[in-house]
Amino acid sequence: MAKNLLIVESPAKAKTIEKILGEDFEVRSCYGHIRDLEKGDMGIDVKNNYKPRYIVPEDKEKVVRELKGYAKKADEVWLATDEDREGEAISWHLCEVLGLDPASTKRIVFHEITKPAIQSAVTKPRIVDMNLVNAQQARRILDRIVGFELSPVLWRKMSMKNNLSAGRVQSVAVRIIAEREREINAFTPVSTFKIEAFFSAKDLSGKAVIFSAEGKKQSSAEDAETFLKSCIGADYKVSDIQVKPGKKTPPAPFTTSTLQQEASRKLGYSVSRTMVLAQKLYESGKITYMRTDSVNLSETATEAVTKQIAAQYGNKYIQTRRFKNKNESAQEAHEAIRPTYMDSMTVEDSDSRRLYELIWKRTMACQMADAELEKTTAKIQISTNKEELTASGEVLKFDGFLKVYMEDRDDDDVSDDEQQEGMLPPLAVNQPLPLKEMKAVERFSRPLPRYTEASLVKKLEELGIGRPSTYAPTISTILKRGYVEKRDKEGVKRDFRILVLKNDAIAKQTEQENTGAEKSKLFPTDLGLVVTDFLKLYFDDIMDYNFTARIEEEFDEVAQGKMLWSKMIDDFYNPFKKDVDNTIEKAERISGERELGFDAVSGKKVITRMGRYGPMVQIGDTSNEEEKPRFAKLKNTQSIETITFDEAMELFRLPRNLGVFEDSDVVVNIGRFGPYIAHDKKFYSLGKEYDPYSISFEEATPIIVEKRAAKEERTIKVFEKEKIQLLRGPYGPYIKQGLRNYKLPKEKQETAADLSLEEVKAIIEEVKANPPKRVPRKKKGS
């Protein structure tokens, strides 16, 4: 047994570090968090200074047992969990569980898993920083309080299944997405006409080339036509030319949020995928720590980057820079994300190769020279109306950092008027220019685009909400809870008008464009919208952007030892608890109900609202009428906020009777679990490729035949009266009663067909009395 036991968070990291430290150290993993707040009664003693009650989860008991054994045999235990607050808290929990003194146990931190960094860390151990631990404890306790207190309020006030939850950061993230959606729905496009003239001039080789120049936008078709008419018979000449130097500067090296944004834009990765791959690269010693809000590079790293630039591109491409953190309390790590060895331009692992190369290029670019440009602007005078047109061109004189890297941008950072500027041919003042044609093209204003995962991270960071370690879990949570969905949106066709002046005649034409198409965007669900409205109404502090950002600042103050964590929690909890009690007592139930009109046949009111199983339309009233109301489920692309009366009434076309097949009606409908076909008292689910409102009899009957055959093939035995089936599954025979499945004992599997009803019932009762233990899902980092 080695004299020293070093505990890290992941087994992958353990293997890498053990190779570096050699036989004096045994390196073991704690597989992430080893303790958490107990579930019962919030896990917090509110009356005793918010003292947390921690337990070792069942799935970590074996790990803790093994670590205790290793610790007893070792002369000294070292803690080397991650260097952020979460890692510091894990080190403290290890001290508590293993009986170590946090005031004397050696704690080491490092930004990268390389031989020099690890060996250096071992020579400079410190002890557990209790300020960082308390900041993390405060975050965990505060978030538990919010979730524990708010979620039951939603259960009581909404007629939904009890899987609703609210959280301090997740609820604000949903609000951001909901508000953008409502801005888009309320937006009315305004049309203007873009004036663009096309001229001919000779380039340096004497060849005639076409270039364009823009005029002042016109606010209506009439104004555009008037302008074009005023240009009939006009001469055009260059009235002024200006040539100005320009430059482009490289972006800073990656932080967690900018890596998530750029990996989304350039590689199409989700935020969670980016973090999984980045963690893999870090643990294998390829990059520095991946949870950081610092843009700093160490002197050693800067030297390595400039050496690599000189070797690949020459000294003229070097321009060293020190980037300044926007967030002065950048607390996650002390350095930006960068490769550990700049001479490694790629990695062998195919999964993480593209992300690594992105990090390598960005790190190289940040220490490279500015790109040098030459911008030319030419003013062209129109003889008949003294108006001016402007032609712009841009020439790249020196590529600088662009040789390696060009940063992408989000949709909302790109304006409608932007276009790639090309080169202009050589022009001279007073040079006459022959007009080929002039166009006035109708263009429409656009609302801000919906958020992508990357642009949401950017927004959260701008508002000061959350920290590098919280962005990915926040987005995962709101998607999993059904408050937000990530999907594509098909565009719709839209007419636009074009007026063309050519050979002193004006022609008018109408063309079509596709508008509103979006890919992998975040849409609030109706549930997300209704919950957001409720929380804003009764818990305005929790939903306030500034309040949430201020809480983050208070966590920072706790981490710096400037504030007691228990006082911070107390200041928050007392007014919050009053709001909770007041809401439970006085708030009405919520459903997001909206009146659409009245049914022409029955005269009954038509409303749309949230129901127990999701958004729906209802004809009639549940309280005032003896006759039961009729209900219809909304389509996935519809919302209770925007559905029209006609669209709502269309939903009541279901159930549809398509005809008779094998002497039984074929009926299509939508149920709790989605669209289905009913035939001969049996039900067959419809795949996403079929629309229940348009599927034909000819399409439905083959589905019945195919699914019936598949069901018969896996059916062993059926007890019709008791609604019990013996079925074949991928893991062997099993019993199905209603919606529940029961595994057959191994000794009964081969003789399943011979089982009697009494034997089957006995097996069901046995399984109910002794349910199989569920294997807990591993938490992140485990």
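On the α3 side the contact is made by Arg85, Glu86, Glu88, Ala89 and Trp92, and on the α5 side by Met130, Leu132, Val133, Ala135, Gln136, Gln137 and Arg139; contact means heavy atoms within 4.5 Å.

This is a predicted model, in which local features need pLDDT of at least 70 and side-chain atom pairs count only at pLDDT 80 or more, while totals for chains, interfaces and linings use all residues. Residues are numbered from 1 along each chain as its sequence is written, and side-chain values use heavy atoms, with hydrogens and water left out.

**The chain as a whole**

- The chain has 21 helices and 30 strands; helices (H or I, at least four residues) and strands (E, at least two) are DSSP runs, numbered from the N terminus.
- The C-alpha trace spans about 100 × 85 × 55 Å along its principal axes.
- Of the 782 residues in the chain, 47% are buried, where buried means under 20% relative accessible area, exposed over 50% and partly exposed in between (1.4 Å probe, protein chains only).
- Among contacts in the chain with a separation of 6 or more, 69% are between residues 24 or more positions apart.

**Nonpolar cores**

- In soluble globular proteins, nonpolar side chains tend to be buried together.
- A nonpolar core is a set of buried Ala, Val, Leu, Ile, Met, Phe, Trp, Tyr and Cys residues joined through side-chain atoms within 4.5 Å.
- The largest nonpolar core has 143 residues, and Leu6, Ile145 and Leu355 touch the most other members.
- Helix α5 (residues 130–157) gives the most to this core, with 11 residues.
- A second, separate core has 27 residues, including Phe193, Ala224, Phe227 and Ala234.

**Leu355 and helix α11**

- Setting aside residues up to four places away in sequence, Leu355 touches Leu259, Ala263, Leu267, Tyr269, Thr274, Leu277, Ala278 and Leu281.
- Leu355 is one of the buried residues of α11, and others include Tyr356, Leu358, Ile359 and Trp360.
- The cover over the buried residues of α11 includes α8, α9 (271–283) and α10 (299–313).
- The 13 residues of helix α11 (residues 353–365) should span 18 Å at 1.5 Å a residue, and the end C-alpha atoms are 18 Å apart, which agrees; the expected span is 1.5 Å times one less than the number of residues.

- Ser257, Gln260, Gln261 and Ser264 in α8 meet Ala454, Val457, Lys458 and Glu461 in α12.
- For helix α14 (residues 526–538), 13 residues at 1.5 Å each should span 18 Å, and the end C-alpha atoms are 19 Å apart, which agrees.
- The buried residues of α14 include Leu527, Leu529, Val530, Val531, Phe534 and Leu535.

**A buried alanine in a strand**

- Ala197 lies in strand β9 (residues 191–202) and is buried, with a relative accessible area of 0%.
- Apart from neighbours within four places in sequence, Ala197 is in contact with Phe211, Ser212, Ala213, Leu389, Leu435, Glu437 and Met438.
- Ala197 and Gln137 are 60 residues apart along the chain, and their C-alpha atoms are separated by 64 Å.

**Backbone details in loops**

- Tyr31 has a phi near 55°, a positive value in a residue other than glycine; Tyr31 sits in the loop between β2 (25–29) and β3 (36–37) and is partly exposed, with a relative accessible area of 31%.
- Asn503 has a phi near 55°, also a positive value in a residue other than glycine; Asn503 is in the loop between β16 (492–502) and β17 (505–515) and is exposed, with a relative accessible area of 72%.
- Leu654 and Pro655 are joined by a cis peptide bond, with omega about -5°, and Pro655 is found in the loop between α18 (645–650) and β23 (656–661).
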